[in-house]
Amino acid sequence: MDVTIKITDREGVTHEVEAPTDMNMNIMELIRMYELAPEGTIGICGGMAMCASCQCYILNDVDLPEMGDEEEAMLSETFHVKSNSRLGCQISITENLSGLEVELAPE
């Protein structure tokens, strides 16, 4: 089953994309799959919660996985952090994310 997710890129353009729930993907990989951020500007650490290049802002209320210690620590050290910041690599795509709206944080 696919879920629909809205992703606003760093130019302010909103893309409505279909995200597969059966491929064990995360939001950062989804952004790369649809090429919504230039190569080399997102997921630099490969999804290990070590670079914050996939930081995004959660724009609506959906059931997200709890933030882990590594993600929290990374967000405490990076720029442009808001109360709704999350690392895209730490959000697995599940049916719970249907209708999720995110905005990529500035580079």
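Predicted model: local features only at pLDDT ≥ 70, side-chain atom pairs only at ≥ 80, totals over all residues.
Helices and strands here are DSSP runs, numbered from the N terminus.

Let's start with the overall layout. The protein chain contains two helices and five strands. Followed along the sequence, these elements come in the order β-β-α-β-α-β-β. The C-alpha trace spans about 35 × 30 × 25 Å along its principal axes. How does the radius of gyration of the protein chain agree with that of a compact globule? For 107 residues, a compact globule would have a value near 13 Å, and the protein chain has 12 Å, which agrees.

Among contacts in the protein chain with a separation of 6 or more, 61% are between residues 24 or more positions apart. Of the 107 residues, 42% count as buried. The accessible surface comes to about 5,900 Å², and carbon and sulfur atoms account for 46% of that area. As for charge, the protein chain carries 21 negative side chains and 5 positive ones. The centres of these two sets lie 5 Å apart.

Now step inside. In soluble globular proteins, nonpolar side chains tend to be buried together. In this model the largest nonpolar core has 30 residues, and the ones that touch the most other members are Ile5, Leu97 and Leu100. Two or more core residues come from each of strand E1 (2-8), strand E2 (14-20), helix H1 (27-33), strand E3 (55-58), helix H2 (69-77) and strand E5 (101-104). H1 gives the largest share, four residues.

Where does Asp2 find its partners beyond four places in sequence? The contacts are with Glu18, Ala19, Pro20 and Thr21. Asp2 and Pro20 are 18 residues apart along the chain, yet their C-alpha atoms are separated by 4.4 Å.

Thr8 also lies in strand E1. Thr8 is buried, because its relative accessible area is 12% and buried means under 20%. Beyond four places in sequence, Thr8 is in contact with Val13 and Thr14, and also with Val102, Glu103 and Leu104.

Most residues other than glycine have a negative phi. Ala49, though, has a positive phi near 60°. Glu35 lies in the loop between H1 and E3 as well, and its phi is also positive, near 55°. Glu35 counts as exposed, because its relative accessibility is 66%, over the 50% cut-off.

Technical notes. Residues numbered from 1 in each chain as written. Heavy atoms only, no water. Rg over C-alpha atoms; globule rule 2.2 N^0.38 Å. Buried < 20%, exposed > 50% of the residue type's maximum accessible area, 1.4 Å probe, protein only. Contact = heavy atoms within 4.5 Å. Areas by Shrake-Rupley, 256 points an atom, 1.4 Å probe, with all protein chains shown as cover. Lys, Arg positive; Asp, Glu negative; His and termini not counted. Charge placed at Lys NZ, Arg CZ, Asp CG, Glu CD. Core = buried A, V, L, I, M, F, W, Y, C linked by side-chain atoms within 4.5 Å.
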